[in-house]
Amino acid sequence: IVAGWAVNDQAAKVFAEHFYKRMLTPNVTFGTAVKDARNYCYQRFRNTHTWGAYQCYGDQAYRLPISSKRKRGKNKSREFLLPQEAIIALEEILDKTKSTRLRGFNFMATLGDIMRAVHIQKFDQSHPRIIELAAGICAELGQYEEAVKYFLQLKKSKKGHWFVRSFEQYFNIQMLAHMKSVNAAEGNEKAIEELYGKMKGLEHRFDLLCQEGFLDKNQERLNLIGSANKRCFIAAKTDEDKQLHLDRAAKAYREAVELEKTDGQLDYYPLCNWLPIALVANSKEKRKVKEILGVKNPQDYVAKYFRTSQEKPIAKTNFWDEIKQVNIMTTLIFVCTESEEKIAYYTEQTKMRYRWAWRKGGSVRNRESEAFQMQFLAAAIDAPKFGRDKLKKEKKAALLDLQQFFLDLGKNNGR
């Protein structure tokens, strides 16, 4: 219902109250409620045209399903009349998973209530966006196995609702789930070897789709390939396999760096991922560092990048502004050539900026991603091609300290 012209406030109030009163009466249709409200308004405010201002769209025979037996109070079950209602509810939860005020809230229980109501109406069989959102919520909460189950449901749907976006998310979340299992299986070589086989197969198939042109090689997909190879590097057992994944990750992130520049400046995300890996990858990638950055010492470029990126005061930054600073500083730790004191400074600055970021937002998945990056960088320092570095021991200790810092931040609901 919308007004076609300016209305009288008092008359509008009378129209609205009477319309809702009639609409909430059992068995009264939408058309009847509007008609009765117009008549009621006209009888009381004949000197205005407000009664005729309201234009109505929709099914005039629609009735609200009002049941006297409907449960009330805290434990009432959810009901959705339209799939769009479920989509809105799920989008709201997805946003709230990043809320600082709601850390510790049982989102999985709320998601379960929504999906039971969705299943009753069979909306999950005809609206893929619902399943995609449910998977996204699970992923943000770090429940990667549950997210994979939802994507499998989407993949197997009778109508074949399988968007490219869904496929990319499914690939990434499977890698996250396998990586979590690899860390949980520490010491169990057989289990890790089996998981590595799955991860390597996933990465190969996704990369093949990009190589063959079924998926365009955009920055996002190249970052996904790079990320997948970092996880394969951690799970791989032999030095040969580890080096293979370092080289593949470096190539993917470098291509992402070369794809996109903003005002002549390299994009920070692929840059901060590519640079440390390039220094432990093959000789081609090492040569590309000087060629792309235009400097002999990578630390000089990253330090300058860090200074120019600090445009906003902390009070005016958002979560992603702070994450940018965190990524740049952890890269500085890896490429630092100065002193142990400088590494300690970058480490404390990283913690300070991430505490600020965590106060502004962020989900479990965001925090676990930062912890994994520290795990990866600490492991990459031990790669055979890392070369001589007098600060190697201090760098590894700082990165492992940061990994534990990110993990500890999740305790006590992250407060």
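## Overall build

The protein's secondary structure amounts to 17 helices and four strands. Helices (H or I, at least four residues) and strands (E, at least two) are DSSP runs, numbered from the N terminus. The radius of gyration is 28 Å, well over the 22 Å that the globule rule gives for 415 residues, so the protein is more spread out than a compact globule. That radius is taken over C-alpha atoms, and the globule rule is 2.2 Å times the number of residues to the power 0.38. Along the principal axes, the C-alpha atoms fill a box of roughly 90 × 45 × 45 Å.

This is a predicted model, in which local features need pLDDT of at least 70, side-chain atom pairs count only at pLDDT 80 or more, and totals for chains, interfaces and linings use all residues. Residues are numbered from 1 along each chain as its sequence is written, and side-chain values use heavy atoms, with hydrogens and water left out.

## Burial and contacts

Of the 415 residues, 47% are buried. Buried means under 20% relative accessible area, exposed over 50%, and partly exposed in between (1.4 Å probe, protein chains only). Among contacts with a separation of 6 or more, 69% join residues 24 or more positions apart. Contact means heavy atoms within 4.5 Å.

Helix H11 (residues 268–278) is largely enclosed by the rest of the structure, because ten of its eleven residues are buried. The buried residues include Tyr268, Cys272, Asn273 and Trp274. Pro270 and Pro276 are also buried.

## H7 against H8

H7 (residues 164–184) packs with H8 (residues 189–211) at an angle of about 160 degrees, and their axes are 10 Å apart. That makes H7 roughly antiparallel to H8. Axes are lines fitted to C-alpha atoms, for helices over the stretch in contact, and angles run from 0 to 180 degrees between N-to-C directions. Angles under 35 degrees count as roughly parallel, over 145 as roughly antiparallel, 65 to 115 as roughly perpendicular and the rest as oblique.

The crossing of H7 and H8 is left-handed. A crossing is left-handed if the near helix is turned anticlockwise from the far one by less than a right angle, and right-handed if clockwise. H7 contributes Phe167, Phe171, Met175 and Met179, among others, to the contact. From H8 come residues including Ile192, Leu195, Leu202 and Phe206. By class, this contact of H7 with H8 has eleven nonpolar, three polar and three charged residues. Ala, Val, Leu, Ile, Met, Phe, Trp, Tyr, Cys and Pro count as nonpolar, Asp, Glu, Lys and Arg as charged, and the others, Gly among them, as polar.

Asn172 also sits in H7. Asn172 is buried, with a relative accessible area of 15%. Leaving out residues up to four places away in sequence, Asn172 touches Leu224 and Arg365.

## H16 and its partners

H9 (residues 219–235) packs on H16 (residues 364–380) at about 60 degrees, with the axes 10 Å apart. H9 is therefore oblique to H16. The crossing of H9 and H16 is left-handed. Lys230, Arg231, Phe233 and Ile234 in H9 meet H16 residues including Phe372, Gln373, Phe376 and Ala380.

Among the contact residues are Trp320, Ile323 and Phe334 of H14, and Glu370, Met374 and Ala380 of H16. The contact of H14 with H16 has eight nonpolar, three polar and one charged residue.

Phe386 lies in the loop between H16 and H17 (392–408). Phe386 is buried, at 11% relative accessible area. Beyond its neighbours within four places in sequence, Phe386 contacts Leu279, Val280, Phe334, Ala380, Ile381 and Lys392.

Most residues other than glycine have a negative phi. Asn27 has a positive phi of about 75 degrees although it is not a glycine. Asn27 is in the loop between H1 (9–23) and H2 (30–44) and is exposed, at 61% relative accessible area. Lys122, also not a glycine, has a positive phi of about 65 degrees. Lys122 is in the loop between H4 (107–121) and H5 (128–140) and counts as exposed at 52% relative accessibility.
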